[in-house]
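Please examine the model shown below.

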Amino acid sequence: MSERGKIVIVAGPSGSVKSTLITKFLKEHSHYIFPTSATTRKARPGETNGVQYHFITTEEFENSIENDGFLEWALVYDHYYGTLKSTVQIGLNEGKHFLKDIDIQGAKSLMNLLDKNDLKSIFISPPSLDLLKERLLARPKEDGANIETRISEAKKEMEGAYLFDINIINDNLDEAYESFKNFILTS
Ligand code: 5GP
């Protein structure tokens with residue numbers, strides 16, 4: 001039987017460039033897989049169903065909750081997001097390595113649920129809340145949560161940073177990436 005896999009989870013307030021770090025790492029390390037989660041939010045331009053997410057309806061999501069289809073799920077800015085058991089639990093048993101961004105509630109759930117040896121956790125902090133606000137303002141406008149909501153959510157998320165194996169402050173993207181990569185590959 002092959003060695004067990006690991007899941008590396010990456011949390012941090014929106015605007016903390018979690019996905020930039022994840023995308024770069026996955027391009028360079030093909031033995032890591034992005035486990036596609038399910039969500040009820042609408043696909044953004046450039047997103048493809050089944051790649052970034054399985055974009056499903058609220059009814060489909062709630063049916064999956066009832067049928068115990070999720071390892072964890074959370075409501076984030078009024079939309080459901082959930083890690084699929086069928087992808088992650090089976091993959092870990094098969095020795096697959098996963099790298100996934102997740103919100104703080106989902107991160108806490110997985111920390112409680114999974115064996116410590118199966119999980120590594122990374123928190124990405126913005127250098128300051130002012131800078132986070134600037135980054136959020138520079139992003140394309142979305143429906144849903146406004147900037148103020150995201151800032152207050154960010155404050156709440158940052159209070160949970162101490163729960164993670166490593167807290168990387170994203171002051172400089174290249175340096176943050178080096179710490180991110182080294183942690184995943186060597187810890
Ligand atoms: P976005 O809509 O910008 O892709 O993601 C919004 C938030 O949901 C981000 O914090 C992202 O990390 C989180 N998220 C993405 N997938 C999952 C998931 O499967 N479970 C949980 N709990 N959060 C997720």
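In the side chain of tyrosine 53, an N or O atom lies 2.6 Å from an oxygen atom of the ligand, a polar contact being a pair of N or O atoms within 3.5 Å. The side chain of arginine 44 likewise places an N or O atom 3.1 Å from a ligand oxygen. Isoleucine 102 takes part through its backbone, where an N or O atom is 3.1 Å from an oxygen atom of the ligand. There are 16 residues around the ligand, of which Ser37, Arg41, Tyr53, Tyr81 and Asp101 come nearest; a residue counts here if one of its heavy atoms lies within 4 Å of the ligand.

This is a predicted model, in which local features need pLDDT of at least 70 and side-chain atom pairs pLDDT 80 or more, whereas totals for chains, interfaces and linings use all residues. Residues are numbered from 1 along each chain as its sequence is written, and side-chain values use heavy atoms, without hydrogens or water.

Two packed helices are described by the angle and the distance between their axes. Helices are DSSP runs (H or I, at least four residues) numbered from the N terminus; axes are lines fitted to C-alpha atoms over the stretch in contact, with angles from 0 to 180 degrees between N-to-C directions.

Helix H1 (residues 18-28) and helix H7 (residues 173-186) cross at roughly 55 degrees, their axes coming within 10 Å. Contact, meaning heavy atoms within 4.5 Å, involves Thr20, Leu21, Ile22, Lys24, Phe25 and Glu28 of H1 with Leu173, Ala176, Tyr177, Phe180, Lys181, Ile184 and Leu185 of H7.

Helix H5 (residues 129-138) packs against helix H6 (residues 147-158) at about 140 degrees, with the axes 10 Å apart. H5 and H6 are therefore oblique to each other as well. Among the residues making this contact are Leu132 and Leu136 of H5 and Ile151 and Ala154 of H6.

Technical notes: Helices (H or I, at least four residues) and strands (E, at least two) are DSSP runs, numbered from the N terminus. Angles under 35 degrees count as roughly parallel, over 145 as roughly antiparallel, 65 to 115 as roughly perpendicular and the rest as oblique. A polar contact is a pair of N or O atoms within 3.5 Å; within protein, one must be able to donate a hydrogen and the other to accept it, and residues adjacent in sequence count only if both atoms are side-chain atoms.
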